[in-house]
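Subject: Structure handover and notes

Hello,

Please look through it with the sequence alongside.

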Amino acid sequence: MSFPAQIRIPATYMRGGTSKGVFFRLQDLPEAARVPGKARDQLLLRVIGSPDPYQKQIDGMGGATSSTSKTVILAEPTQPDHDVDYLFGQVSIDKPFVDWSGNCGNLTAAVGAFAINGGFVSRDRIPDNGFCKVRIWQANIRKTIVAQVPITNGEVQETGDFELDGVTFPAAEVQVEFMDPADGDGAMFPTGNVVDELEVPGVGSLKATMINAGIPTIFVNAEDIGYTGTELQDDINSDPKALAMFETIRAHGAVRMGLIENIEEAANRQHTPKVAFVSSPADYTSSSGKRIGAGDIDVLVRALSMGKLHHAMMGTAAVAIATASAIPGTLVNLAAGGGDRTDVTFGHPSGTLRVGAEAQQVDGEWTATKAVMSRSARILMEGWVRVPGDSF
């Protein structure tokens, strides 16, 4: 019996913010995977090591969490005045599918550096020292993102003293601007309200803010579902009933937002929408043992990704948090004390994060002009990934 040889594909393993994933240039992929479809999905599943019924991804590059089961494809820009197209694939851990429905805000911080190193940015635009402005077209959500990548001696600077809660070691700061982050295909608030009553079977009627900014997100009050907002990962992820409750909330919220037609479709749309719970500031100890005081933050937020409580905060959800906090009357804004604001510092399981956002009301509709946050990024490994030749 003969078996197919492995093939090798140029790839870079990068951390961006509190996530990490495998980065590819489109032209380096096998020809069958250069277009969307089954071959591409099958290839990325095999690279990451999914589907894995053991949920460990031992035979692949994934790290068995939503934060580490990620892939990125960069290509020549399809839009004028942009440097690169960025396509993100969230790979399911235990199911055979790749979710292309949203962006990864954390990995966005690594896209700028990869674009420079990968030859997408013209050399004459890269300073000897300073910052290189990389204009990114986020192809999943069709939005512009601007990354300010630090440059030293003509090369991307990765080391530095910028500390990010949820990441162990300091690195160079990368400022990321999400331009016009609201959903371009519909209203920022798809129901027309900043707060709705969401009927959830088995849970009850919950107040909910459902917003399309950064990524579709459903916010509920922590106290309405029996939590304080100071919970850490194990408090939620070790409780199957809690996870089932959050998935039920997410599915019914997705229907109300018009993202799916019935709740059964939610199982094949794990990446979006996100579901999060908020509460007013309180003292707590982060997962690293760091003491967070109520006076250090404006609001507490915990968010779930791919069915589990995130260890820190998804970058796109941070955009949703910042945008919602800037709009009076949303649950995030009310938990933060109400009123007008242009930035918010929120507490998450690993610590705190400050994010800025600008929102305005035009003809009765809320719009957001941009959201800004600082992240960091670093190449962890570069070379080739290998997959069996019959993987796709």
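Predicted model: local features only at pLDDT ≥ 70, side-chain atom pairs only at ≥ 80, totals over all residues.

The buried residues of helix α1 are Ala39, Arg40, Asp41, Leu43, Leu44, Leu45, Val47 and Ile48. With 8 of the 11 residues of α1 (residues 38–48) buried, the helix is largely enclosed by the rest of the structure. The packing partners of those buried residues are the strands β1 (6–16), β2 (19–25), β3 (70–75), β4 (84–91), β5 (98–99) and β21 (377–388). Just past the end of α1, Gly49 has a positive phi of about 100°.

β12 has pairing partners as follows. Strand β11 (residues 204–213) pairs with β12 in the antiparallel sense, over 6 bridges, and Met210 is placed opposite Ile218 of β12. β11 and β12 form a hairpin with 1 residue between the strands, and Gly214 there has a positive phi near 80°. Strand β13 (residues 274–279) runs parallel to β12 and is joined to it by 5 bridges. In that pairing Phe219 is opposite Ala276 of β13.

Phe219 also comes up in the nonpolar cores. In soluble globular proteins, nonpolar side chains tend to be buried together. Here the largest nonpolar core has 69 residues, and the ones with the most contacts inside it are Leu74, Tyr86, Ile116, Phe219, Val301, Met313 and Phe346. Helix α2 (residues 105–117) gives the most to this core, with 8 residues. There is also a second, separate core of 26 residues, which includes Val200, Ile218, Val220 and Ala266.

What does Phe346 touch, once its neighbours within four places in sequence are left aside? The contacts are Ile297, Val299, Val301, Met313, Ala318, Ile321, Gly351, Thr352, Leu353 and Val355. Another, Leu353, is the bridge partner of Phe346 in β19.

That bridge belongs to the pairing of β18 (residues 343–348) with β19 (residues 351–362), which is antiparallel and has 6 bridges. The two strands are joined by a hairpin through 2 residues. β19 also pairs with β20 (residues 365–375), again in the antiparallel sense, over 7 bridges. Val362 is opposite Glu365 of β20. The hairpin of β19 and β20 has 2 residues between the strands, and Asp363 in the turn has a positive phi of about 55°.

α3 (233–237), α4 and β17 (308–309) each supply at least two lining residues, and α4 gives the largest share, with 4.

Two single residues remain. Glu247 is in helix α4 (residues 240–256). Is Glu247 buried, exposed or partly exposed? Its relative accessibility is 29%, so Glu247 counts as partly exposed, as the value falls between the cut-offs of 20% and 50%. The C-alpha atoms of Glu247 and Gly102 are 18 Å apart, with 145 residues of chain separation.

Asn333 is in helix α6 (residues 331–335). At 1% relative accessibility, Asn333 counts as buried because buried means under 20%. Not counting residues up to four places away in sequence, Asn333 touches Ala324, Ser325, Ile327, Pro328, Gly338 and Gly339.

Regards

Terms used:
Residues numbered from 1 in each chain as written. Heavy atoms only, no water. Pairing = 2+ DSSP bridges. Core = buried A, V, L, I, M, F, W, Y, C linked by side-chain atoms within 4.5 Å. Buried < 20%, exposed > 50% of the residue type's maximum accessible area, 1.4 Å probe, protein only. Contact = heavy atoms within 4.5 Å.
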